[in-house]
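Here is a short briefing on one protein model, meant to be read with the sequence and the structure side by side. Please keep both in view while you go through the points.

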Amino acid sequence: MISLNKFKKFLSAFVLILILAFVEIATNCQIALADTATNPATAAEVFSANCAGCHINGSNIIRRGKNLKQKALKKYGMDSIANISNLVTNGKGIMPAYKDRLSEQQIIDVSAYVLSQAETDWK
Ligand code: HEC
């Protein structure tokens, strides 16, 4: 049998741990909120989360010719932010539409990112 005194000590230690855990969670949340407010996900992050699965390093693992290198973008008329944004918004063939997943601004930013990466050949 544990004494009532031991039980009380145990209980107060337990409550203390709970409070500490709660404070920890609360501060972490605040940090997370502050992060999203001050640094929105960059275009590079949007690309790696949404596009790199098929377009790693500017390639196209499904339709090899339709990659994101400058030559292909020019050939298929995808060498402008407007045209890439339109494709990303609405999708085409196997490529999914992103209008429900990304904001208009994210789509424009990721399109600009594709063009700028193409300029340096994704290096
Ligand atoms: C499931 C695979 C997949 C994902 C994910 C994907 N794409 Fe594509 N992408 C394709 C395919 C397939 C094509 C070729 C479409 C066609 O013309 O039939 C393509 C074509 C393109 C083209 C035109 C390339 C050219 O040379 O004409 C661009 C630009 C592009 N994607 C950008 C993106 C961006 C930016 C994202 C992320 C927001 C993305 N893609 C996500 C599969 C994908």
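Helices (H or I, at least four residues) and strands (E, at least two) are DSSP runs, numbered from the N terminus. Residues are numbered from 1 along each chain as its sequence is written. This is a predicted model, in which local features need pLDDT of at least 70 and side-chain atom pairs count only at pLDDT 80 or more, while totals for chains, interfaces and linings use all residues.

**Overall layout**

- The protein has six helices and zero strands, and reading along the sequence gives the pattern α-α-α-α-α-α.
- Of the 123 residues of the protein, 15% count as buried, where buried means that 20 or more other C-beta atoms lie within 10 Å of a residue's own, exposed means 12 or fewer, and partly exposed lies in between, with C-beta atoms placed from the backbone.
- Two residues are in contact if their C-beta atoms, placed from the backbone, lie within 7 Å, and among the contacts in the protein with a separation of 6 or more, 52% join residues 24 or more positions apart.

**Helix α6 and its surroundings**

- Helix α6 has 16 residues and reaches 23 Å from its first C-alpha to its last, which is close to the 22 Å expected at 1.5 Å a residue; the expected span is 1.5 Å times one less than the number of residues.
- Within α6, the residues Ile107, Asp109, Val110, Ser111, Tyr113, Val114, Gln117 and Ala118 are buried, and what covers the buried residues of this helix includes α2 (43-50), α4 and α5.
- Ile108 also lies in helix α6, but it counts as partly exposed because it has 18 C-beta neighbours inside 10 Å.
- Leaving aside residues up to four places away in sequence, Ile108 touches Ile81 and Ser85, and its C-alpha atom is separated by 9.2 Å from that of Asn86, which is 22 residues apart from it along the chain.

**The largest nonpolar core**

- A nonpolar core is a set of buried Ala, Val, Leu, Ile, Met, Phe, Trp, Tyr and Cys residues joined through C-beta atoms within 7 Å.
- The largest such core has 12 residues in all, among them Ala43, Leu68, Ile84, Tyr98 and Val110.
- The elements that give two or more residues to this core are α2, α5 and α6, and α6 gives the most, with five residues.
- Val110 touches Ala43, Val46, Phe47, Cys51 and Val88, not counting residues up to four places away in sequence.

**The shell around the ligand**

- How many residues surround the ligand? There are 26, and the closest are Cys51, Cys54, Ala72, Tyr76 and Met95, where a residue is near a molecule if its C-beta atom, placed from the backbone, lies within 6 Å of it.
- Helices α3 (52-55), α4 (70-75), α5 (81-90) and α6 (104-119) each supply at least two residues of this shell.
- By class, the shell has 17 nonpolar, six polar and three charged residues, with Ala, Val, Leu, Ile, Met, Phe, Trp, Tyr, Cys and Pro counted as nonpolar, Asp, Glu, Lys and Arg as charged, and the others, Gly among them, as polar.

**The segment after α6**

- Most residues other than glycine have a negative phi.
- Asp121, which is not a glycine, has a positive phi of about 55°; it lies in the segment after α6 and counts as exposed because it has 11 C-beta neighbours inside 10 Å.
- Trp122 is also placed in the segment after α6, has a positive phi near 60°, and is partly exposed, with 16 other C-beta atoms within 10 Å.
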